[in-house]
Amino acid sequence: MSSIKYLSIFLLTLLSVGTIIEAAPSSGKRTRLPSFLKVCRRSDPQLNKCARNSLYALKDRLEYGIPELYIPPLEPLIIPEIKMNQDTGAVYLKSTYRNVELYGMSKFNIKSFNIDPSKMKFTTVMHFPNLTMNADYDIDGKIMMMPMEGSGQCNANFTDVTMTTVISGEREKKNGKTYLKVRDIKVNYKVDRVKIHLKNLFNGDKALGDRMNEFLNENWDSLSEELRPLLEKALSRVVRTSTDKLFKAYSYDDLLPR
C-alpha cells in the first residue's frame, strides 16, 4: 500500500505548486505567457491573494489541460508507468504501476499560498477532498516480514489529502534576461484516510488476498511512515524537475513582473 500511496503523493505534489507539467512535453522557451493567465506583480502588497486568485482562475481549464503551461488534462490525469522500490525498514517491495488514472486532481482547495520575492521563497498548502486511482500493478516483496506478491488491477481512494510544498529559488542571468532557478525543495504531506484494493494477490488466492487487503487498509498510516523519508526525498526531486520546465520556459519578469 505504501507504494500506492507514493504514486498519489507523486501526482499531488506536482499540482500543489500549480505546475503539473512532468507528464507534458517540453517545447523549449516560449515567448509570452497565455493571455488567460492572470499575472501578479511582485510589488503588489496583495501578491499572495493575487496568486491564489490566479490559480483558482485556472481550475475550469485544468480538466482539459493547459499546453501553454505544460499542464496535461487532469480528469483523469494519466501516467503511463511509475516504478517504486523500497528495501529499508519493515518494507521491502519492488512495484510497478501502469496505465495509471487519477481522478479528482482538479478539485483542489488552496489553504495557503505565500510568495516572498525578497527571499525567493514559494510556499503552498493545498487540500484535495477526494482522489480515486485506478492502475495495473505488479508487486513483489515483504511488508513487516509478511510476503506480498501479485499482479492485477489496483483501486484506491484517498480522503482529505493535504500537501505542503516549499520551493526556495535564486535568480540567474541568461541571454540578458533574469530567470528563476530552483535551489531547494521540501515536501510534506498528510492523508486522513486511505482505502485500497489489490486484485489477484498471491496468484488469485482469495483468502490470502482478502487478508492482505484488510491488513493494508488497517495499517496504512504506520506503513506509510516507514516510507516517509524516501517519499519526501523522491517527491522533492520530481517537483524540482517539473518546476524547472516552467522556470526555463519563462523569465522571472514574465512570471512575476515588477
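Figure 1. His127 touches Lys107, Phe108, Asn109, Lys111, Asp160, Val161 and Thr162, leaving out residues up to four places away in sequence; contact means heavy atoms within 4.5 Å. The model is predicted: local features need pLDDT of at least 70, side-chain atom pairs count only at pLDDT 80 or more, and totals for chains, interfaces and linings use all residues. Residues are numbered from 1 along each chain as its sequence is written, and side-chain values use heavy atoms, with hydrogens and water left out. His127 is found in strand β4; helices (H or I, at least four residues) and strands (E, at least two) are DSSP runs, numbered from the N terminus. His127 has 16% relative accessibility and therefore counts as buried, where buried means under 20% relative accessible area, exposed over 50% and partly exposed in between (1.4 Å probe, protein chains only). Its side chain makes a polar contact of 3.1 Å with the side chain of Asp160. A polar contact is a pair of N or O atoms within 3.5 Å; within protein, one must be able to donate a hydrogen and the other to accept it, and residues adjacent in sequence count only if both atoms are side-chain atoms.

Figure 2. With 18% relative accessibility, Thr123 counts as buried. Apart from neighbours within four places in sequence, Thr123 is in contact with Ser112, Phe113, Asn114, Thr165 and Val166.

Figure 3. Strand β4 (residues 121-143) and strand β5 (residues 146-174) run antiparallel and are joined by 22 bridges; two strands pair if DSSP finds at least two bridges between them. Thr132 stands opposite Asn157 in β5. Two residues lie between the strands of this hairpin, and Met144 takes a positive phi near 50°. β5 also pairs with strand β6 (residues 177-198) in the antiparallel sense, over 20 bridges. Here Glu170 has Lys181 in β6 as its bridge partner. The hairpin of β5 and β6 has two residues between its strands, and Asn175 in the turn has a positive phi of about 55°.

**Figure 4. The two aromatic pairs.** The structure holds two aromatic pairs. Rings of Phe, Tyr and Trp (its six-membered ring) pair if their centres lie within 6.5 Å; planes under 30 degrees apart count as stacked, over 60 as edge-to-face and the rest as tilted. Tyr56 and Phe108 are stacked, at 6.3 Å centre to centre with 10° between the planes. Tyr56 lies in helix α2 (residues 47-56) and Phe108 in the loop between β2 (91-103) and β3 (109-116), so this pair ties together parts 52 residues apart in sequence. Tyr56 is partly exposed at 29% relative accessibility, whereas Phe108 is buried at 0%. The rings of Phe122 and Phe247 form a tilted pair, because their centres are 6.5 Å apart and their planes stand at 50°. This pair links strand β4, which holds Phe122, to helix α4 (residues 206-249), which holds Phe247, across 125 residues. Phe122 and Phe247 are both buried.

**Figure 5. Charged side chains over aromatic rings.** Arg61 lies over the face of Phe36, 3.7 Å from the ring centre. Lys174 lies over the face of Tyr179, at 4.6 Å from the ring centre. A charge sits over a ring if NZ of Lys or CZ of Arg is within 6 Å of the ring centre and within 35 degrees of the ring normal.
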